[in-house]
Structures are given as structure tokens and as C-alpha cells.
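Q: I have a chain open here and want to go through its geometry. Can you take me through it?

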Amino acid sequence: ITIRAAHDGAVLIDGEDERRPVHLQGTCGVLEGVNVTRGDNHNVRFMGTHWTVRRVGSWDLGSHAENQINLGGTDNTLEDCFVFGTGQKQIQAGSSSQVPTRNTIRRCFALWTSTGDSPLPANALEAGYGQSAITVENNIVTWDTTGPTAQNDGILFTFRTQGSRLLGNIVYATASAQVAPTTLLIALTDGGTPQSQGQYAPSTGNRLRHNVAYLDPANRDFATRRALRFDWQGPGPHGSDNLVEGHVGVSGVRLSCQAPDYTCTAMQDGATLAEAIGAGNSLWTDSVAAPGVCYRYHQGVLTPHPLWPWPMNARILDAMTQAGVTPVDVTATIESLLGNIPDSCR
């Protein structure tokens with residue numbers, strides 16, 4: 001079954017703060033081209049199998065905010081999406097079942113601003129928490145606090161997962177952004193809350209490659225924020241065989257990589273982009289992360305197909321204008337932070 005907007009982005013499904021607008025069950029469906037807003041706990045929730053949701057936008061949960069897009073079920077794909085506004089987590093792929101799901105999050109833009117009325121831990125994209133074999137590739141994730149926030153786990157956060165992949169993602173915060181999390185991109189072999197005691201499991205066999213975490217050096221909290229952290233956090237078990245390769249980080253606090261839980265190679269970090277990758281070099285052509293942020297990953301494989309311009313750029317501008325918030329030109333913002341995107345990436 002395919003459910004598609006006749007005109008891309010011209011359909012709005014509104015939960016009016018009283019109901020879940022989109023709840024996907026069954027198997028082998030496609031949802032494409034719609035916008036979703038004001039769900040009572042989720043805007044889009046996957047519970048079935050072999051669903052594909054593409055070119056979908058989501059913003060602003062209601063007063064019982066949980067996750068704007070909740071990626072459950074198995075063998076599901078979320079691609080070319082955008083999420084912004086209130087919600088505990090903008091995009092979340094998690095489960096207490098400790099099973100492989102083979103779910104994929106690809107080419108999505110997530111901007112976290114506020115939990116609304118929720119007192120729960122917050123982040124813009126979370127992968128793991130018991131769900132394994134997840135692929136998170138070529139997403140752009142950011143943060144700017146404009147409302148209430150509780151515990152902040154990180155802007156892009158992965159933990160308690162096995163055989164998962166984070167590939168070619170960009171996590172950033174601008175000079176003017178209010179950044180509550182202490183780390184932009186964080187991977188823990190375990191961690192958790194009192195509510196989840198007894199559900200701990202080691203993180204093993206994960207692959208993190210070609211990710212970029214950039215905090216503008218002009219940001220007021222630059223000196224106390226870390227771009228990249230790969231550690232163990234108790235009281236759960238330590239992890240093993242977690243490989244981190246080819247990352248670039250810019251922040252006031254340097255890279256943390258704890259062996260043997262994580263093995264980090266070809267890492268570039270510094271207080272400026274020039275310090276991280278070398279003066280005169282381009283992130284797009286000369287950094288260790290260049291292949292993964294220039295070209296598209298697909299199902300964990302780096303392809304020769306350029307990633308830019310950002311595929312949902314116009315839809316994001318239109319939706320944010322419709323929602324009455326300051327629109328973000330994703331392509332222009334990334335270029336302003338990381339340098340001009342060369343023709344080879346377009």
C-alpha cells in the first residue's frame with residue numbers, strides 16, 4: 001500500500017494535541033510527501049515491518065510530548081525527512097527487547113528546541129536503547145534550546161546496541177544556539193535511567209565512520225562542550241568490538257575515546273576546523289570524514305552519488321515558514337560552518 005501526497009508537502013496531518021496522527025502497522029507500506037504535526041505522544045510511529053516513510057516532515061508534539069518520530073518494528077526505513085520543534089526526542093529508534101531490527105534512518109534533518117511539558121531526557125536523534133542492527137546514515141542533527149529542557153544526553157546519541165552503524169552524519173550547533181547537552185555526538189557502551197535497571201546490555205560490533213561534530217567557536221558555551229565522546233557509562237556492562245574511524249570534531253573540550261570499549265582511528269579534532277583538519281585544507285576534500293559527508297551512504301555502503309544540495313532543503317524552508325519559526329536553509333548553513341561544498345559533492 002502506498003499513501004502519497006499528490007503534491008509533495010501539500011498535505012498536513014494534524015493530531016490537534018489529542019491523537020497520534022500516523023501509526024504504521026502491518027507490512028510493506030509506503031508513506032510519502034506529507035507533513036505531520038501536534039500528536040499527543042508521537043507524530044509518526046512505526047510498529048509494523050518493511051515500511052518506508054520518505055519526504056515526510058514533522059513538527060511540534062502536544063502536551064504529552066515523547067518522540068516526534070518513533071522508529072519501532074523491524075526492517076523499516078525513514079529517509080529524506082525533517083523534524084523540528086517540541087518533543088522529548090525528535091527521532092528515536094529504541095526498544096527494551098534487545099533484538100536486531102534492521103531499521104534505517106537516512107538523510108533526515110532534526111532540530112531540537114524544547115521538550116514542551118515533558119520532564120524526560122532529551123536529544124535530537126537517539127539510536128539504540130536496546131534496539132540493534134540500526135543504520136543511521138547521512139543525517140544532519142542540531143540543537144537550539146528555546147523552551148524547557150531536562151536531562152540532555154547529547155544531540156546525536158547511541159548506546160546499548162549491537163551491530164549498528166552511524167555513517168556520514170553531521171552534528172552541529174551555530175554561534176547563537178543555546179546548547180544544553182555537554183556533548184554533540186556521544187556513543188556509550190551502556191547507560192540508562194533508574195526506570196530501565198535490569199535491561200542493561202553491552203554494546204558490541206558497532207561501526208561509526210565519517211561523522212562530523214562541529215560547535216561554532218563563537219558559541220558562548222564553546223569552552224565547556226565536547227564534540228565527540230565514545231565511552232563506557234555504568235552501571236551496565238562494558239562493550240567490545242566497537243570501531244570508530246575517520247571523524248572530525250570541533251569544540252572546546254577534546255575527543256574522549258575509552259579503550260577497550262571503543263577503538264578510535266584516524267580522528268581529527270581541535271578548537272577550530274583548521275586545527276582539526278590542517279590549515280588550508282577543506283573538510284569536503286582533505287579531511288578523514290570527507291567521503292561520508294560528500295557522497296551518499298546507502299544501506300551502509302558509501303556510493304559515488306553526491307549528497308548535495310540537501311534533498312529536503314526547500315521543503316524544510318516551506319514547513320518552518322508555515323509553522324511560524326525562523327526557517328533554516330540547511331545547505332547554506334552547513335556551508336557557512338564547514339566551508340563551500342565543491343562541485344564534486346553536488
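Q: Let's start at the end of helix 4. Which residue just after helix 4 takes a positive phi?
A: Glycine 324, with phi of about 80 degrees. Helices here are DSSP runs of H or I with at least four residues, strands are runs of E with at least two, and both are numbered from the N terminus.

Q: Before we go on, what kind of model is this, and what are the ground rules?
A: This is a predicted model, in which local features need pLDDT of at least 70, side-chain atom pairs count only at pLDDT 80 or more, and totals for chains, interfaces and linings use all residues. Residues are numbered from 1 along each chain as its sequence is written, and side-chain values use heavy atoms, with hydrogens and water left out.

Q: Back to helix 4. Which of its residues are buried?
A: Helix 4 covers residues 313–323, and its buried residues are Asn313, Arg315, Ile316, Ala319 and Met320. Buried means under 20% relative accessible area, exposed means over 50%, and partly exposed is in between, with a 1.4 Å probe and protein chains only.

Q: Why do they count as being on the same side?
A: Because they cover an arc of only 160 degrees around the axis of helix 4. The arc is that of the directions from the helix axis to the C-beta atoms.

Q: And what's on the face turned away from the buried side?
A: The exposed residues Ala314, Asp318 and Thr321.

Q: Strand 5 then. What does asparagine 35 touch?
A: Asparagine 35 is found in strand 5. Leaving out residues up to four places away in sequence, asparagine 35 touches Gly9, Val11, Leu12, Ile13, Gly57, Trp59, Phe82, Arg315 and Gln322. Arg315 is also one of the buried residues of helix 4.

Q: Is asparagine 35 buried or exposed?
A: Buried, at 3% relative accessibility.

Q: How far is asparagine 35 from asparagine 123 in space?
A: They are 21 Å apart, C-alpha to C-alpha, and 88 residues apart in sequence.

Q: What about the bond from alanine 259 to proline 260, cis or trans?
A: Cis, with omega near 5 degrees. Proline 260 is in the loop between strand 26 (256–257) and strand 27 (263–265).

Q: Which residues other than glycine have a positive phi?
A: Among them are aspartate 75, with phi near 55 degrees, and histidine 210, at about 60 degrees.

Q: Where do those two sit?
A: Aspartate 75 is in the loop between strand 8 (67–71) and strand 9. Histidine 210 is in the loop between strand 21 (207–209) and strand 22 (212–215).

Q: How accessible are they?
A: Aspartate 75 has 21% relative accessibility, so it counts as partly exposed. Histidine 210 is buried, with a relative accessible area of 11%.

Q: Next, isoleucine 277. Which element is it in, and what does it touch?
A: Isoleucine 277 is in helix 1 (residues 273–277) and counts as buried at 6% relative accessibility. Not counting residues up to four places away in sequence, isoleucine 277 touches Val248, Gln268, Ser282, Leu283 and Ser287.

Q: What separates the C-alpha atoms of glutamine 233 and aspartate 190?
A: 5.5 Å, for residues 43 apart along the chain. Glutamine 233 is in the loop between strand 23 (226–231) and strand 24 (243–245), and is partly exposed, with a relative accessible area of 30%.

Q: Zooming out, how many helices and strands are in the chain?
A: Five helices and 30 strands. Buried residues make up 55% of the 346 residues.

Q: What share of the contacts joins residues at least 24 apart?
A: 69%, among contacts between residues at least 6 apart in sequence.

Conventions
Contact means heavy atoms within 4.5 Å.
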